[in-house]
Amino acid sequence: MENDIKEVLLTPEQITAIAKDIGTQISKDYKGKNLVLLCLLKGSICFMAELMKYVTIPCVIDFMAVSSYGSGTESSGRVNIVKDMSTPAENMDILIVEDIIDSGNTLSFMLQYFKAKNCASVEIATLLNKPSRRKKEVPVKYSGQEIDDLFVVGFGLDYAEYYRNLPYIGVLKESVYSDTEE
Ligand code: PRP
Ligand code: MN
Ligand code: MG
């Protein structure tokens, strides 16, 4: 598994520093609000777990599972809800926690989804951001690290469902996916 990684982009320590920064900011911005940290499974499982440790105000957590990538490295553009929230979103300040924003398809779908739910607010926090790949603009309130157009895995991010358990963000060697690329 480690052999498939070309380069480490973010070490566990760097990820923790980002989570601390964003968590501290969230704790200030959401004081007195009805904060819901909403983890978008599967990719944001690790960032959610890290970030919430540094949110020092009362909040609830919830999970949604949405998926658009299937087994390739390109977004299909179609976003499927695999699992919905288990708590009501009405009147809540929803903060969507994401691992990465690439085309923007997933989050633009999510923002659309919440439009009908009468939330007090809906915002986005992401660990990684690839603005060069954006197809749909989404407003990002908290952005950890901007990255170039590289296929990254680890710390929750997958290629064909694997590599999520790496404790860092790494660049996947092209040779791993070039066979299946169209
Ligand atoms: C990945 C990633 C983001 C999304 C970003 O999820 O975790 O949620 O793609 O890409 P976009 O901005 O082009 O939509 P994926 O659909 O692979 O599901 P997963 O989280 O279960 O891996
Ligand atoms: Mn995802
Ligand atoms: Mg994925």
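What is the relative accessibility of F109, and how does F109 count by this value?

Solution. The structure is a predicted model, in which local features need pLDDT of at least 70 and side-chain atom pairs count only at pLDDT 80 or more, while totals for chains, interfaces and linings use all residues. Residues are numbered from 1 along each chain as its sequence is written, chains are lettered from A and ligands numbered from 1 in the order in which they are written, and side-chain values use heavy atoms, leaving out hydrogens and water. Step one is the scale: buried means under 20% relative accessible area, exposed over 50%, and partly exposed in between (1.4 Å probe, protein chains only). Step two is the value: F109 has 27% relative accessibility, so F109 counts as partly exposed.

**Exercise 1.** Describe the ring pairs that involve F109, Y113 and F114.

Solution. 
- Start from the rule: rings of Phe, Tyr and Trp (its six-membered ring) pair if their centres lie within 6.5 Å; planes under 30 degrees apart count as stacked, over 60 as edge-to-face and the rest as tilted.
- Under this rule there are five aromatic pairs. One of them joins F109 and Y113, which are stacked, with 6.5 Å from centre to centre and 15° between the planes.
- F109 and Y113 are four residues apart in helix α3 (residues 105-115), so about one helical turn separates them. Helices (H or I, at least four residues) and strands (E, at least two) are DSSP runs, numbered from the N terminus.
- Y113 also pairs with F114: the ring centres are 5.3 Å apart and the planes stand at 75°, so this pair is edge-to-face.
- Put together, ring pairs link F109, Y113 and F114 into a cluster.
- Y113 is buried at 18% relative accessible area, and F114 is buried at 3% relative accessibility.

**Exercise 2.** Find the buried residues of α3 and the elements that they pack against.

Solution. First, list the buried residues of α3: N105, T106, L107, S108, M110, Y113 and F114. Then look at their partners: the buried residues of α3 pack against β2, β3 (60-67), β4 (80-83), β5 and β6. Contact here means heavy atoms within 4.5 Å.

**Exercise 3.** Which residues touch the most other members of the largest nonpolar core?

Solution. A nonpolar core is a set of buried Ala, Val, Leu, Ile, Met, Phe, Trp, Tyr and Cys residues joined through side-chain atoms within 4.5 Å. In the largest core, which has 28 residues, I26, L127, L128 and I169 touch the most other members. Two or more residues come from each of α1 (12-29), β2 (35-41), α2 (45-52), β5 (93-101), β6 and β9 (169-172). Of these, α1 gives the most, with five residues. A second, separate core of 19 residues includes F114, C119, I124 and V138.

**Exercise 4.** Is E50 buried or exposed, and what does E50 touch?

Solution. E50 sits in helix α2. Its relative accessibility is 11%, so E50 counts as buried. Beyond neighbours within four places in sequence, E50 is in contact with T16, A19 and F155. Its side chain makes a polar contact of 3.2 Å with the side chain of K53.

**Exercise 5.** How many helices and strands does the protein have, and in what pattern do they follow along the sequence?

Solution. The protein has four helices and nine strands. Along the sequence the pattern is β-α-β-α-β-β-β-α-β-β-β-β-α. Buried residues make up 46% of the 182 residues.

Key:
A polar contact is a pair of N or O atoms within 3.5 Å; within protein, one must be able to donate a hydrogen and the other to accept it, and residues adjacent in sequence count only if both atoms are side-chain atoms.
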